[in-house]
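Please look at the sequence and the structure shown here, and then follow the report below, which takes up a few local features in turn.

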Amino acid sequence: MLSVTQIAGGLTHNVIPAEVRLVGTVRTFDPQAQDIVEAAIRAMAQGIGIATDTRVEVTYTRYYPATINDPQAAAIALAAAADAGLAHAEAPEPAFTSEDFSFMLQACPGAYAWLGQARTEEENPALHHPRYDFNDAIIGPGIAWITALAARVVGATVA
């Protein structure tokens with residue numbers, strides 16, 4: 001998935017800017033797909049430069065790898081959610097989450113899971129929104145889930 005997140009250039013409406021900058025992100029689940037997208041962006045930029053007789057530079061920095069759960073770890077996390085009495089479900093499709101936990105998943109099998117807040121978007125906008133407000137009511141259920149997960153991993157019984 002390619003998202004252009006910034007376009008900046010010029011200071012007035014009637015002068016062609018000397019420089020324009022486009023910034024964005026590319027998120028894929030496959031490093032080979034990253035290679036293909038990067039090559040395509042570079043080729044497109046080169047073509048635009050040739051066609052417009054301008055200099056085009058591409059800086060392509062790979063930040064976070066894809067956040068890919070280990071299937072067995074994800075199954076354990078879902079089972080622990082059931083143990084804790086939480087509504088739970090596997091995501092219907094992968095999420096293009098940019099998350100530093102992805103580095104952990106490359107080093108050790110694990111699962112990145114979401115604990116929903118059970119409030120509507122109108123009541124509480126999504127994470128990273130300026131009006132986001134953490135729902136304190138999920139602290140207890142979250143602790144119950146993590147406790148059940150720890151118990152499953154170490155083979156203990158939680159009372």
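## An exposed loop residue

D53 is exposed, because its relative accessible area is 73%, where buried means under 20% relative accessible area, exposed over 50% and partly exposed in between, with a 1.4 Å probe and protein chains only. This is a predicted model, in which local features need pLDDT of at least 70 and side-chain atom pairs count only at pLDDT 80 or more, while totals for chains, interfaces and linings use all residues. Residues are numbered from 1 along each chain as its sequence is written, and side-chain values use heavy atoms, with hydrogens and water left out.

D53 lies in the loop between α1 (31-52) and α2, where helices (H or I, at least four residues) and strands (E, at least two) are DSSP runs numbered from the N terminus. Most residues other than glycine have a negative phi. The phi of D53, however, is positive, near 55 degrees, and D53 is a residue other than glycine.

## How two helices pack

Two packed helices are described by the angle between their axes and the distance between the axes. Helix α2 (residues 71-83) packs against helix α4 (residues 139-154) at an angle of about 120 degrees, and their axes are 8 Å apart. Here the axes are lines fitted to C-alpha atoms, for helices over the stretch in contact, and angles run from 0 to 180 degrees between N-to-C directions. The two helices α2 and α4 are therefore oblique to each other, since angles under 35 degrees count as roughly parallel, over 145 as roughly antiparallel, 65 to 115 as roughly perpendicular and the rest as oblique.

On the α2 side, I76, A77, A79, A80, A81 and D83 meet W145, A148, L149, R152 and V153 of α4, contact meaning heavy atoms within 4.5 Å.

## The largest nonpolar core

In soluble globular proteins, nonpolar side chains tend to be buried together. The largest nonpolar core has six residues in all, namely A77, A80, A81, L86, W145 and A148; such a core is a set of buried Ala, Val, Leu, Ile, Met, Phe, Trp, Tyr and Cys residues joined through side-chain atoms within 4.5 Å. The largest share of this core, three residues, comes from α2.

Leaving aside neighbours within four places in sequence, A81 is in contact with L86, H88 and W145.

## A partly exposed leucine

L115 is found in the loop between α3 (101-107) and α4, and at 32% relative accessibility L115 counts as partly exposed. Not counting residues up to four places away in sequence, L115 touches L86, I138, G142 and W145.
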